[in-house]
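I opened the model to look up a few items and note them down. The entries follow.

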Amino acid sequence: MSVFLLIIFFLFSLAYGGAKLKEVNLENGVKLIIKETKGRGIVAGSIFIKSGTHEEERRGATNLMASLLTKGTKTFSSYHIASAFEDWGGSIEASTADDYIYINFSTRPEGLEQGLRVIESILLEPTFPEEQLQVEKRRVIASIRSRREGGFELAMERLRLITYRGTSYEVAPAGREEDVEKVEREDLIKRWQQVLKGKNIVVAVVGDMPLEELEKKFRAVFSKLPHGEFNLRAEDKPIKESLVERVQREGAQATILCAFEGVPVNSPDFFALRVLNSILGDGMTSKLFDELREKRGYAYATYSMFPIRLYSPRVFAYIGTSPDKKESALKDLLWVVQEAEITNEDLELAKKKIIGGYLLNRQTRGRQAFQLGFWEVMGFGYKMDQEYVKHIENVRLEDVLRVRESLKKAHQCVVVEP
């Protein structure tokens, strides 16, 4: 057995050796995924609400709503919400992604009872305080303006509008400045009532407590949530033709960001595309880095991304370079993504990077809980947390070359230039 496989086996044993795992489906549709671990006394969890920015009436409202969940309820102030977890060395946070809202928390077993009382209050009686809303709106607007000063962020903002036009993804969860300014407290209340439905909720818990005790405590809280389902409308937006859009801005660097057609999460080629993305743009051993930086000297930073989304899958490739090299850099970036030679050596190296990174990233209970919930809410099922490594290992070179054909159909690029 190779040293790499021995390391994988050791890390996997740390994560799953002797652990008990249970799925509980409550009558209101909430799914509990509970994992009992042995350790020094930590309980961590992630609450996922499948929704994200889908069907927002006002862009940015969901992001503001999530950020205010921990700012006060009818029973607890923001101080008492934070102290319920921080007093035990833990934390609680809430945020929004494209396809879901999530609440992450951690505490000691002794503090779980108190923490669950706070979580119940957050879910059932948030107040979305007006004064906190105004503070948060100013913060978000400042963040949106600040991000536009960076070439990559500006390019991604524009590319979203192009490649996801007409879908929920065309604007980042933070929203647009002009919409955020108009969000009112009533918008947040309405949105929370819209998305807080039992069938949309997945709760993943990993903790150093008996499985039966964890189930009892979490069942008592989450059984109180409303029945129903917030249905997401399918929003598949294929890339039909190639285009390059140019954006003028002050600066000394040109930024190139391109989107390519990916494969959906339910495709048998999904894992092959994960491996292909790693081959193309994951780290200093990737094709983009070797060809564009090492051999051609275009830039220090170049990489690719394959974000996991429910609809309209995309692979993104990025490079920052000097303005005088932007045309040749764009041409060569497209060549690397679509045509550069890929060998078995590239394949095996990429698989090692993915597997090693995945296992090392899940060594805390918080990360384990997040991954269990993430795979479930994205439609793979929570068991994918244990199966992911096997799927990556099974990817063959012919799979990678086949899935690469989807990247050759067309591309959409944004060039930000002085």
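Is Asp 179 buried or exposed? I looked it up: Asp 179 is buried, with a relative accessible area of 12% (buried means under 20%, exposed over 50% and partly exposed in between, with a 1.4 Å probe and protein chains only).

Before going on, I noted that this is a predicted model, where local features need pLDDT of at least 70, side-chain atom pairs count only at pLDDT 80 or more, and totals for chains, interfaces and linings use all residues. Residues are numbered from 1 along each chain as its sequence is written, and side-chain values use heavy atoms, with hydrogens and water left out.

I placed Asp 179 in helix 7 (residues 177-180); helices (H or I, at least four residues) and strands (E, at least two) are DSSP runs, numbered from the N terminus. Setting aside neighbours within four places in sequence, I found Asp 179 in contact with Arg 58 and Arg 59 (contact means heavy atoms within 4.5 Å).

Next I turned to strand 6 (residues 201-207), where seven of the seven residues are buried, so the strand is largely enclosed by the rest of the structure. Ile 201, Val 203, Val 205 and Gly 207 point one way from strand 6, while Val 202, Ala 204 and Val 206 point the other way.

I then checked its pairing (two strands pair if DSSP finds at least two bridges between them). Strand 2 (residues 31-36) runs parallel to strand 6, joined by six bridges, and Ile 33 has Ala 204 as its bridge partner. Strand 3 (residues 43-50) pairs with strand 6 in the antiparallel sense over seven bridges, and there Ala 44 has Val 206 as its bridge partner.
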